[in-house]
Amino acid sequence: MGREKRTKKDSLKKRESKGGTDSSRATPDPKQPKQKEAEQELAPIRYKLAQPKPTDFELSRGPVFTAHHDVQDSEGRTIEFVETSDHVYNKKSFHYTHCIADPAFPSMFYYRNTEPAPFSAHMSFEDAASHVYFDRDGSHVTSDKGFRMSRANISVREGRWYWECKVTRGILKQRNEGDPESHGHVRMGFARREASLDAPVGFDAYSYGIRDVAGQKVHMSRPKDFFPFGEDIKEGDVIGLEIQLPSERLHRKIVQGHYNPAIDLADEETEHTPEAPNIIRDRIPIRFKAHIYFEKIDYHTTKELEDLMNPSPTGHNEEPNSNHLLPALRTLPNSCIKVYKNGVLMGTPWTDLLAFLPPASRPAQQTGGREALDDGTLGYYPAVSVFRGGAVEVNFGPNFWYPPSEPEDTEMDGVDGPQNRPGKLRAVGERYYEQIVEDIVYDIVDEVGFWMQDGGKVIDRSARDERVVAPGSDEIKELVQDD
């Protein structure tokens, strides 16, 4: 039987002379990678939404305050604590921020970030566990339940920052006959987005806390002696907390696996043009009672840090370090937390803090989060925990009760020189205004990006056939949360 006749193919040169293309060509097209890069360029997911309601253009409102109870602190002041209602809580792997409809942002379906009163750095009403009570300014925190945590509405990502926490109800400084040993307990420190709100600061690998009993330091639920023997944190004491983080430029090198300590640590001392982070915010407006929020998938705990907290006796347990094989276990060189008591430096309980930029932090995958994206909310947040009547007052500056006494630390406003150099200590409250500026910039970037996707023109949002990435509905969804 004769062999089947094979079809003769033209040579590559002959095909090129004819102007034709062949998908089976062996030589790669040098233009192809650029086309793929353009197709894979990251951008926020875009949803098709209904037209905003007239009330969506109204100013955002904070929670409803209902008087709960009054307490008297060690200074004789009466503090009114209120219960907050008619607002969402950050839980079940979702994170919420206030938004408002704005006609200046048509390509974003009109919605952008906004802030309700009080217009300052304070403990977040939304970013707290249930049964946590505040004063109306968000500066006093208490609870009548077991340990509950509240994060501030600001986070830090680089530089040196300072804030204070005063114990208003806790271990008694002077006990009379018949007095209890304490009015409750408190902890204070820093926490990442992944830290559990239904546990004290220092419970997991995502937070670092100082305990009032014996002034112990706590991380991953392991209390260790830190203050001198007998040096408790009692009512009226002010704990100052300073955090130092390297530049985001160095941070990104570490989490991306490009860190070389022999070169990069010396390079960190050199002033560089600031690098803008690539912020990608996948979010959708939702309604909750009389409010409009952006709903975003929050960052979730990782198996690597759970294993670090509960190591296997048979596993290979390499300590976290800046060049660890796993990004979640990489640490930040020249990072630390310092603790002061009533203006006196007590020491540095932690150095080489865990990195938090993606891929060290990852959104919750089971709810649809895209991996290794930075939505701008990552960082270390001032955090407090209160237990069965314990209460604290936070002070984010600039008028501190005990300003740090070191000569280089006396200037807190950062007006001279680069503001985020490691040697410049700043009041953490300044981050509130920086975050507002960052949100405005990111909103404008997203609006321009969507406008470019639409061919550089504003499309009629009432049209039914517009091209969007993700499907939508005829109405923004209504969120329901359990109390």
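Is Phe203 buried, partly exposed or exposed? In this predicted model, Phe203 has a relative accessible area of 36% and is therefore partly exposed, since buried means under 20% and exposed over 50%. Phe203 is placed in the loop between strand 10 (185-191) and strand 11 (207-211). Beyond its neighbours within four places in sequence, its contacts are Met220, Ser221 and Met309. The C-alpha atoms of Phe203 and His219 are 6.2 Å apart, at a sequence distance of 16 residues.

The protein chain has 483 residues, 48% of which count as buried, and contains six helices and 23 strands. Among contacts with a separation of 6 or more, 70% are between residues 24 or more positions apart.

The whole structure holds 13 aromatic pairs. Two of them are tabulated here.

| Pair | Centre distance | Plane angle | Class |
|---|---|---|---|
| Phe65 and Phe125 | 5.5 Å | 70° | edge-to-face |
| Trp163 and Phe396 | 5.6 Å | 50° | tilted |

Phe65 in strand 1 (residues 64-72) and Phe125 in strand 5 (residues 123-128) are 60 residues apart. Phe65 is partly exposed at 24% relative accessible area, whereas Phe125 is buried at 2%. Trp163 belongs to strand 9 (residues 159-169) and Phe396 to the loop between strand 22 (391-395) and strand 23 (425-427), so this pair ties together parts 233 residues apart in sequence. Trp163 is buried at 0% relative accessibility, and Phe396 is buried at 5%.

Ring pairs also join Tyr208, Trp350, Phe356 and Tyr380 into a cluster. Arg283 lies over the face of Phe294, 3.8 Å from the ring centre. The charged end of Arg388 is over the ring of Phe387, at 5.7 Å from its centre.

Technical notes: Residues are numbered from 1 along each chain as its sequence is written. This is a predicted model: local features need pLDDT of at least 70, side-chain atom pairs count only at pLDDT 80 or more; totals for chains, interfaces and linings use all residues. Side-chain values use heavy atoms; hydrogens and water are left out. Helices (H or I, at least four residues) and strands (E, at least two) are DSSP runs, numbered from the N terminus. Buried means under 20% relative accessible area, exposed over 50%, partly exposed in between (1.4 Å probe, protein chains only). Contact means heavy atoms within 4.5 Å. Rings of Phe, Tyr and Trp (its six-membered ring) pair if their centres lie within 6.5 Å; planes under 30 degrees apart count as stacked, over 60 as edge-to-face and the rest as tilted. A charge sits over a ring if NZ of Lys or CZ of Arg is within 6 Å of the ring centre and within 35 degrees of the ring normal.
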